[in-house]
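Please look through the structure below before reading on. Then use this briefing to find your way around a few of its parts.

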Amino acid sequence: MWQWLQALEDIGLLIYSCFKAFLPLPSLEVLLIPLCTLHPERFILYAIEGAIGTCIGGAIGYYLAKKVGQRILVQFATEEEMEHTRKALEKYGVFAIFVGAITPIPDFLLAYFAGLLQMRLVPFLLADGSARLIRSLLVGYFVRSMSKIVDFDRYGMVFSLFIVAYLVYQYLHTKIKNRSK
C-alpha cells in the first residue's frame, strides 16, 4: 500500500492525510519523508497537500462524531484519554487543537472530540490544518536541508526507512501503552 501511495505522490499524500485525520494510522510523516527525499524541492507543495487532506479528513471525523456521538470514540480511545482530551478542549479550545495537531500525539482523535463537543467547524479546521502545515513544512525543510549533507540518491531510502520505522515504533508503542492502562 505504501508503494502505491508513494507512486501516486501528490494524490497519494492527499488521500493518506485525509484518512490519517480521522483514522488511527501512523503519522503523516511515513509518506511525507519518502516523498520529500525523492523531491526535496517540492516540500512546500507536499506540506500544503498534507494540510488540505487533514482539513478534509478532519471535517469527516468531525461530522461522524456529531452524527454518531461518543460511540465512535470508544473504538479508538480509553476512558482516561477521552476525559483528558475533553477537559483540554473545553479549557483551551482551538489552542488545544493546534497543540495536539502539531505534536506527535494521536491527532486523529481531535476531529472526533471537536465534533462531539460541537466546537465551531471553521476554527477547528483552521487550527488543525495550520498546525499540520507548520509541522509538514518543518519536516520537509529538514529533509531538504539534509539532502545537501547526505547523498539521498545513495542513502535516501535507508534514511527514509529508518524514520518510518521509528514513527511506526512510536505509534505502536503508544497504542500498546494505552491499551495496558
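The model is predicted. Two packed helices are described by the angle between their axes and the distance between the axes.

**Helix 2 against helix 4**

- Start with helix 2, which spans residues 10-20, and helix 4, which spans residues 43-68.
- Helix 2 and helix 4 pack at an angle of about 35°. Their axes lie 7 Å apart.
- The crossing of helix 2 with helix 4 is right-handed.
- On the helix 2 side, the contact uses Asp10, Leu13, Leu14, Ser17 and Cys18.
- On the helix 4 side, the contact residues include Leu45, Tyr46, Glu49, Gly50, Ile52 and Gly53.
- By type, the residues of this contact divide into eight nonpolar, five polar and two charged.

- Is Ser17 buried or exposed? Ser17 has a relative accessible area of 1%, so it counts as buried, the cut-off being under 20%.
- The side chain of Ser17 reaches the backbone oxygen of Leu14 at a distance of 3.0 Å.
- Leaving aside residues up to four places away in sequence, Ser17 touches Leu28, Glu49, Gly50, Gly53 and Thr54.
- Phe19 is also found in helix 2. Its relative accessible area is 39%, and Phe19 is partly exposed.
- Phe19 and Gly53 are 34 residues apart along the chain. Their C-alpha atoms are separated by 7.9 Å.

- Why is helix 7 described as largely enclosed by the rest of the structure? Eight of its nine residues, 108-116, are buried, so the rest of the structure largely encloses helix 7.
- The buried residues of helix 7 are Phe108, Leu109, Leu110, Ala111, Tyr112, Phe113, Ala114 and Gly115.
- Helix 5 covers residues 79-92 and packs with helix 7 at an angle of about 65°. The axes of helix 5 and helix 7 are 10 Å apart.
- Helix 5 passes helix 7 in a crossing that is right-handed.
- Helix 5 brings Glu81, Met82, Thr85, Arg86 and Leu89 to the contact, while helix 7 brings Phe113, Ala114 and Leu116.
- The residues of this contact divide into five nonpolar, one polar and two charged.
- After helix 7 comes Gln118, which has a positive phi, near 55°.

**Aromatic rings**

- How many aromatic pairs are there? The count comes to four.
- One of them joins Tyr62 and Tyr63 in an edge-to-face arrangement. The ring centres are 5.4 Å apart, with 85° between the planes.
- Tyr62 counts as buried at 3% relative accessibility. Tyr63 counts as partly exposed at 41%.
- Tyr62 also pairs with Phe124. Their ring centres are 6.0 Å apart and their planes are at 20°, so this pair is stacked, the cut-off being under 30 degrees.
- Tyr62 and Phe124 are both buried.
- Tyr62, Tyr63 and Phe124 form one aromatic cluster.

Note on methods. Residues are numbered from 1 along each chain as its sequence is written. This is a predicted model: local features need pLDDT of at least 70, side-chain atom pairs count only at pLDDT 80 or more; totals for chains, interfaces and linings use all residues. Side-chain values use heavy atoms; hydrogens and water are left out. Buried means under 20% relative accessible area, exposed over 50%, partly exposed in between (1.4 Å probe, protein chains only). Helices (H or I, at least four residues) and strands (E, at least two) are DSSP runs, numbered from the N terminus. Axes are lines fitted to C-alpha atoms, for helices over the stretch in contact, and angles run from 0 to 180 degrees between N-to-C directions. A crossing is left-handed if the near helix is turned anticlockwise from the far one by less than a right angle, and right-handed if clockwise. Contact means heavy atoms within 4.5 Å. Ala, Val, Leu, Ile, Met, Phe, Trp, Tyr, Cys and Pro count as nonpolar, Asp, Glu, Lys and Arg as charged, and the others, Gly among them, as polar. A polar contact is a pair of N or O atoms within 3.5 Å; within protein, one must be able to donate a hydrogen and the other to accept it, and residues adjacent in sequence count only if both atoms are side-chain atoms. Rings of Phe, Tyr and Trp (its six-membered ring) pair if their centres lie within 6.5 Å; planes under 30 degrees apart count as stacked, over 60 as edge-to-face and the rest as tilted.
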